[in-house]
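Please study the sequence and the model shown below before reading on. The paragraphs that follow lead from a single residue to the whole chain.

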Amino acid sequence: MNVYEKKPFLLSGTKVQDGSGKMLVTTVGMRTEWGKLMETLSEGGEDETPLQVKLNGVATIIGKIGLVFAVVTFMVLTVRFLVEKALSNEITDWSSTDAMTLLNYFAIAVTIIVVAVPEGLPLAVTLSLAFAMKKLMNDKALVRHLSACETMGSASCICTDKTGTLTTNHMVVTKIWIGERSIDVSGNKSTDIVKSEISGALDILLQVIFQNTSSEVIKDEGKTSILGTPTESALLEFGLLLGGDFDAQRREFKIIKMEPFSSVRKKMSVLIARPHGGVRAFCKGASEIVLGMCNKVIDCNGETVNLSREEANNITDVINSFACEALRTLCLAFKDIDESSIDNDIPNDGYTLIAVVGIKDPVRPGVKEAVQTCLAAGITVRMVTGDNINTAKAIARECGILTEDGLAIEGPEFRNLSPAEMNAIIPKIQVMARSLPLDKHTLVKNLRNTFREVVAVTGDGTNDAPALHEADIGLAMGIAGTEVAKESADVIILDDNFSTIVNVARWGRSVYINIQKFVQFQLTVNVVALMINFVSACVSGDAPLTAVQLLWVNMIMDTLGALALATEPPNDGLMRRPPVSRGTSFITKAMWRNIIGQSIYQLAVLGVLNFRGTQLLGLTGSDATDILNTVIFNAFVFCQVFNEINSRDIEKINIFRGMFDSWVFLGVMVCTVVFQTVLVEFLGAFASTVPLSWQLWLLCIVIGSISMPVAVVLKCIPVESKVKPPEGYEAIPDGPPAGLV
């Protein structure tokens, strides 16, 4: 690193990509250069989510249709009015009453536009996303980008890390191969056995553990704690159990040069000066890499002997046996170097193997069930890890990720494939071991671009940033994740748990389906309100629904409807259906079926009341028209109240499940009915209504409630065709193979 001597400062917010070092903090917070810069920047607005972009198209079309209906309605009413005046020979006789009539027609036209334009859509989307974000925060998921909520609901593939996500990230050394024998390590008794059996190699083992590490052992008030990565913490803890003294080791040897662990090298090396002269190099890392750098090994007597091919094969078998027990394996090695020939470069060969360590990282509770939930929801789970392939396969089988038909592949093999070969095997890949961040990026890019999948990726390291950025949804680990990874992610998993990721997908699907419910409800109201006023204006020259009544319906439809339907919590059924694929129409065939069916019913009933209501209800007197119009308005509102209940589920008949657990929904229903009663009975002058008898109230409620059995009939009509699986995938069979029946 080039240091400018006049200003040798790191700016606050600078990301350290690799290596280690020490710095002195001089200022923090808003007093730093970064803080001063942030003070001068105005906060930018939130970008529109993909769902909002899609809904804007729907809103634009509805708005244009509403504008056409409004213009035509105003023209029809005005022309009828002028024709009637002409037939009455009053075309030249104008009064203030005529002006008020035309103004009322114009108000109706404007109100139709107001009702038609679905200004409640952005409100519904924002409400649903904000509600989901708040609930996810309680469930240990911090949503950084609003769009991630809805996008996660469409995820068809999750590429997950192993360590810390599928496993607990609390590592313990459970096995060690040293001095040509394998020893189980569990408890103090086994530690004493290890010390007695490897007494000749104990000193060099403690040296490689305590010298070749970037972690620290802290002693505070008699308590010992370890600061560092889980893998290094496990090794240091094992060294302390063997009776080693970290501080004494560090004082005895001077570190000349250190190469920290990286995902590319997959090893960590250090060069130290020995107290009595000479230089020694220590190396630890991926078993097959470090073993390939060794040409000697320490035997049971602590003596250095040549590493024969047969002995190397035996050690490889030991590594594989550890890996098959779901242990992370590391090789520890050293090399003595003549001080006169040293040029401060750490060697890459000629090492002496000290030991093979097996570190256990248990699978998190609930991960297997979470993976099964994903598979049932049509979400493919792929494990991408830097571990040994046998370790990765063992963990993947334990989690339920790797199946008999699945493919486990190593990163070097994957990256050497041709594009055609990659496309042939990617659908079958369930585990990728010994992978580089570039391999994960390549996998994600192919899944998105070639197979058109919606991909979620988990990552915790700085090198995971490209894959997190490339994915549709980047999920960073809150505990083990670096700042670079978190900055590149859309969602931060605060507890690093895979089950939390599944919960994010569940809420994402809930957001999408809630907006669909609201749009279905709103479009039904739009169609009926526009058509009843338009047809009535064309036929009778009068609109049964006044401007105030339409605005009240608009409030039910937009504000209260969004509040009721957009805040519905997710149910278990959401994770038993396939994800929404890219390019799928937001308004489904099932939604159109429900919208058209309910609109036909409501238009038929309200149309009959509008044109034959006086005779059917036996209304007489001067207020018969006012009563009829009030009945039409009241019946229309109750149709929407019951249709709002119908909209709780687009496809299933049982729309009452969970309804009484949703206090928001019940509150909206009660408020709507109470306000409607007050509007009809007590605000007649304002709303152009008259009080109704209990018989007419009962009639309005019955008309509205009939929409529920109508919804049952509509939902029995099949409309959805089978979804074609993506290219390269096979559809799951619906029944047993031919010939078995």
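Leaving aside its neighbours within four places in sequence, with which residues is isoleucine 178 in contact? Taking contact to mean heavy atoms within 4.5 Å, isoleucine 178 is in contact with Ile183, Ile198, Ala201, Leu205, Ile354 and Ala355. Isoleucine 178 and isoleucine 354 are 176 residues apart along the chain, yet their C-alpha atoms are separated by 6.5 Å. Isoleucine 178 lies in strand 3 (residues 172-178); helices (H or I, at least four residues) and strands (E, at least two) are DSSP runs, numbered from the N terminus. Its relative accessible area is 0%, and therefore isoleucine 178 is buried. Here buried means under 20% relative accessible area, exposed over 50%, and partly exposed in between, with a 1.4 Å probe and protein chains only.

Some words on the basis of these values are needed. The model is predicted: local features need pLDDT of at least 70, side-chain atom pairs count only at pLDDT 80 or more, and totals for chains, interfaces and linings use all residues. Residues are numbered from 1 along each chain as its sequence is written, and side-chain values use heavy atoms, with hydrogens and water left out.

Consider now the whole protein. The protein has 26 helices and 19 strands, and 50% of its 741 residues count as buried. Among contacts with a separation of 6 or more, 71% are between residues 24 or more positions apart.

The interior can be described through its nonpolar cores. A nonpolar core is a set of buried Ala, Val, Leu, Ile, Met, Phe, Trp, Tyr and Cys residues joined through side-chain atoms within 4.5 Å. The largest has 126 residues, of which Met152, Ile473, Val491, Phe498 and Val519 touch the most other members. Helix 19 (residues 498-540) gives the most to this core, with 19 residues. A second, separate core of 35 residues includes Ile183, Ile198, Ile298 and Phe334.

Leaving out residues up to four places away in sequence, asparagine 643 touches Phe521, Thr524, Gln598, Gln602 and Ser707.

Charged side chains provide further links. A salt bridge is a side-chain nitrogen of Lys or Arg within 4 Å of a carboxyl oxygen of Asp or Glu, and by this rule the count comes to 16. In one of them, lysine 284 pairs with glutamate 232, the closest N and O atoms being 3.1 Å apart. Lysine 284 lies in strand 9 (residues 279-286) and glutamate 232 in helix 8 (residues 230-241), so the pair ties together parts that are 52 residues apart in sequence. Both lysine 284 and glutamate 232 are buried. A salt bridge also joins aspartate 184 and lysine 175 (3.9 Å, N to O). Aspartate 184 counts as partly exposed because its relative accessibility is 47%, whereas lysine 175, at 17%, counts as buried.

The place of phenylalanine 686 is in helix 24 (residues 684-687). Phenylalanine 686 is exposed because its relative accessible area is 53%.
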